[in-house]
Amino acid sequence: MKKAAEYRAQARKYLFGRYGNIVLARLLGFLMIFVTAIVMVVMATYTLTYIMAASVSRFGGGIPFGVVLMSIIIALLMVIMVVTEVLLQGGTLKMAYKAFRGQDIRLGDMFYGFKGKTPWHILGISFVIGLIQVIFMIPYFVCYMRVNLELDTTATGVVLVVLSWLLFIAAAIVLSLFWGLALYVMIDCPDLGTFACLKASAKLTKRRRWKLFCFHLSFIGWHILGQLSFGIGTLWIMPYIECSTFGFYQDLKAEKEQLGIKWRPDPAGKNPAGAS
């Protein structure tokens, strides 16, 4: 396994001359989500304000069916936005993969996440990881609400808030060390399903999780820089990180295959890569 700096240098080499379409795709994806969110918020605010005002004056404060219907529509739009954002991330990850492979990148690759069975795999992986994160988020939410609502303002309540938050952070880190490469597996092996990708990621990172942790930690400065630039820098930083991660992933594969370790399930009866 290489050092983190070597993976970064490798990524810069592969991305040289290929940044254009990747950055443009990320910018277009951001604008799509941003404009949709703004339009949705403006429409929802105006409509709900109007309906609530009408309900107070005409229905004595009752909630008309229009409010319920509009709430459902807003919820559906929010779900569509989240799903679209996740699938677009799959597309930009595909572009980073092609850059790592030295292949030509087309702007249309940003919609890779919407093709065939790929959406189900991306959403499935994201849902499983997200669900577990939500479960670990519940203790923090409960403790925080108790303090925020002044039901428990003692020192013990504050300590529980901090401890529950640390529990959530620890769970997120552990999940990233086990399943953090699942989407990379999915991009590289599109014949594998959701749980097969999660299982393959866990096998690939086994005995290399501290190395993976240090690898991710090496990008902390870049993440901070991206936030300080109000997210603009992430248009370049995220492809850089993803391409570097593909290098790390590729070395994990090579290492397991050299050791004769079967790191992935059989894809529909075919001989798996890395089988001894």
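Tutor: A residue counts as buried when its relative accessible area is under 20%. The model here is predicted.

Student: Are Asp109 and Lys98 buried or exposed?
Tutor: Their side chains meet in a salt bridge, N to O at 3.0 Å. Asp109 sits in the loop between helix H3 (65-100) and helix H4 (118-148), and Lys98 in helix H3, so the pair ties together parts 11 residues apart in sequence. By the under 20% cut-off, Asp109 and Lys98 are both buried.

Student: Which residue is linked with Lys98 and Asp109 in a network of salt bridges?
Tutor: Lys98 and Asp109 form a salt bridge. The network also takes in Arg106.

Student: What distance separates the end C-alpha atoms of helix H10?
Tutor: H10 covers residues 234-258, which is 25 residues.

Student: How many residues of H10 are buried?
Tutor: The helix is largely enclosed by the rest of the structure. That follows from the burial count, because of its 25 residues the number buried is 18.

Student: Which residue forms a salt bridge with Glu242?
Tutor: The closest N and O atoms of the pair are 2.7 Å apart. Glu242 lies in H10 and its partner in helix H2 (residues 19-58), so the pair ties together parts 216 residues apart in sequence. Both residues are buried. The partner is Arg26.

Student: Which helix holds Asp188, the partner of Lys253?
Tutor: The side chains of Lys253 and Asp188 meet in a salt bridge, with N to O at 2.7 Å. Both residues are buried. The pair links distant parts of the chain, 65 residues apart. Lys253 belongs to H10, and Asp188 to helix H6 (residues 182-188).

Student: How many salt bridges are there by this rule?
Tutor: The rule asks for a side-chain nitrogen of Lys or Arg within 4 Å of a carboxyl oxygen of Asp or Glu. Glu242 with Arg26 is one of the pairs. The count comes to eight.

Student: Which residue with positive phi follows H10?
Tutor: Its phi is near 75°. The residue is Gly260.

Note on methods: Residues numbered from 1 in each chain as written. Predicted model: local features only at pLDDT ≥ 70, side-chain atom pairs only at ≥ 80, totals over all residues. Heavy atoms only, no water. Helix = DSSP H or I, 4+ residues; strand = E, 2+ residues; numbered from the N terminus. Expected span 1.5 Å × (residues − 1). Buried < 20%, exposed > 50% of the residue type's maximum accessible area, 1.4 Å probe, protein only.
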